[in-house]
Amino acid sequence: MRTQTEQPLLLDHVDMRIVATDFDERVADRNTVVQLDPDHPGFRDAEYRARRNQIAEIALAYQPGTPIPDAPYTSEEHEVWRTIWQALEPAHQTHACAEYLECVRRLALPKDRIPQMREVTAKVEAISGFKLEPVAGLVEPRVFLESLAGGVFLSTQYIRHHSTPLYTPEPDVAHEIIGHAVTLASERLAELNRLVGEAVRRTTAPEAIERLARVYWFTIEFGVLREDGKVKAYGTGLLSSAGELEAMHDAELRPLDLEAAAHQDFDPTAYQPLLFCPESFEEMYQTLRDYLIRWE
């Protein structure tokens with residue numbers, strides 16, 4: 001997607017929750033909100049901003065363990081969801097790993113409307129024990145990652161603006177559900193998410209948190225693997241973006257080396273030029289699991 005002036009927009013995978021690690025621990029909580037930037041597609045849409053605020057209020061008032069209120073989606077926003085799925089469904093068949101495709105089958109999410117978070121979390125929890133809980137906007141990296149240790153994925157509920165259905169400058173409900181929630185319906189991927197959270201809980205040094213965030217980026221967010229001789233995606237940033245799924249085949253592929261990944265810089269505003277690719281799902285699972293268990 002491009003603007004009217006043909007300037008490239010940020011890609012629809014951007015997950016800023018794990019990018020900025022130099023935050024103030026004194027103000028870190030699950031309801032830190034990032035205001036809409038003037039360049040945001042919905043910045044000048046008063047109705048969209050009002051609905052974003054209404055959805056944010058759901059999260060701000062939410063008490064963990066209580067039923068999740070439904071978000072007030074419009075017919076226009078449901079159409080955005082349908083457009084996203086129309087782009088992603090064929091891309092998944094070509095580029096997604098078998099584990100992800102099986103999770104899609106298990107959850108059987110609606111493709112003609114945005115599913116409410118209460119629906120999604122009920123299905124995911126029944127499979128892996130993971131729950132989704134609403135947050136008003138982006139949260140600090142440690143808060144987001146530590147929540148995984150308790151089997152909780154902190155999720156936004158708003159959807160991207162209808163003017164750019166294949167672009168969002170921040171994680172939205174499409175990224176959260178199609179990317180993260182679907183993968184959390186895999187018991188093995190859910191376990192790896194929990195282990196990430198537990199490793200973060202054991203970590204105090206900011207530079208160590210940054211290394212873990214990079215490992216998370218190159219695995220849980222942008223992980224690929226080989227399956228029947230072909231490169232397939234298991235990372236949520238790839239699986240929630242048709243553009244990323246196509247572009248991953250142009251990336252430089254390196255063997256899965258998590259120490260190297262922990263020190264590898266990345267640019268969240270561009271297609272990833274470098275990815276770490278194990279030879280199988282089993283290799284990825286065992287390598288990442290052992291790394292996180294041993295993390296000191």
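Over the ring of which residue does the charged end of R188 sit? It is Y285, and the charged end of R188 lies 5.8 Å from the centre of that ring. Here are some further notes on this predicted model, point by point.

1. **Overall picture.** The protein has 296 residues, and 55% of them are buried. Its secondary structure consists of twelve helices and six strands. Among contacts with a separation of 6 or more, 69% join residues 24 or more positions apart. The exposed surface comes to about 12700 Å², with carbon and sulfur atoms supplying 49% of it.

2. **Charges over rings.** The charged end of R52 sits over the ring of Y158, at 3.6 Å from the ring centre.

3. **Aromatic pairs, starting with two tryptophans.** The model holds eight aromatic pairs. One of them is W81 with W85, an edge-to-face pair at 6.4 Å centre to centre and with 70° between the planes. What separates these two along the chain? About one helical turn, because W81 and W85 are four residues apart in helix α2 (residues 75-95). An α-helix has 3.6 residues a turn, so residues three or four places apart point the same way. W81 has a relative accessible area of 0% and is buried. W85 counts as buried too, because its relative accessibility of 4% is under the 20% cut-off.

4. **A pair across the chain.** F144 and Y216 also form an edge-to-face aromatic pair, with 6.3 Å from centre to centre and 85° between the planes. This pair links distant parts of the chain: F144 belongs to helix α5 (residues 141-149) and Y216 to helix α8 (residues 206-221), 72 residues apart. Both F144 and Y216 are buried.

5. **The aromatic cluster.** Five aromatic residues make up one cluster, namely W217, F218, F222, F266 and F276. It is a handy group to select together in your viewer.

6. Why is α5 described as largely enclosed by the rest of the structure? Because eight of its nine residues are buried. The buried ones are P141, R142, V143, F144, L145, S147, L148 and A149. They pack against β2 (152-155), α7 (187-201) and α8. After the helix comes G151, which has a positive phi near 70°.

7. **T203, between α7 and α8.** T203 is in the loop that joins α7 and α8, and it is buried at a relative accessible area of 4%. Which backbone oxygen does the side chain of T203 reach? That of A199, at 2.6 Å. Beyond its neighbours within four places in sequence, T203 contacts R142, A208, I209, L212 and W295.

8. **Q157, another buried loop residue.** Q157 lies in the loop between β2 and α6 (173-183). With a relative accessibility of 2%, Q157 counts as buried. Setting aside neighbours within four places in sequence, Q157 is in contact with I55, I58, I68, P69, A71, Y73, M117, P134 and V173.

9. In which sense do strand β3 (residues 224-227) and strand β4 (residues 230-233) pair, parallel or antiparallel? They pair in the antiparallel sense, over four bridges. Across the two strands, E227 stands opposite K230, and L225 stands opposite K232. Two residues lie between the strands of this hairpin, and D228 in the turn has a positive phi of about 55°.

Conventions
Residues are numbered from 1 along each chain as its sequence is written. This is a predicted model: local features need pLDDT of at least 70, side-chain atom pairs count only at pLDDT 80 or more; totals for chains, interfaces and linings use all residues. Side-chain values use heavy atoms; hydrogens and water are left out. Rings of Phe, Tyr and Trp (its six-membered ring) pair if their centres lie within 6.5 Å; planes under 30 degrees apart count as stacked, over 60 as edge-to-face and the rest as tilted. Buried means under 20% relative accessible area, exposed over 50%, partly exposed in between (1.4 Å probe, protein chains only). A charge sits over a ring if NZ of Lys or CZ of Arg is within 6 Å of the ring centre and within 35 degrees of the ring normal. Contact means heavy atoms within 4.5 Å. Accessible areas come from the Shrake-Rupley method with a 1.4 Å probe; for residues, only the protein chains shown count as cover. Two strands pair if DSSP finds at least two bridges between them. A polar contact is a pair of N or O atoms within 3.5 Å; within protein, one must be able to donate a hydrogen and the other to accept it, and residues adjacent in sequence count only if both atoms are side-chain atoms.
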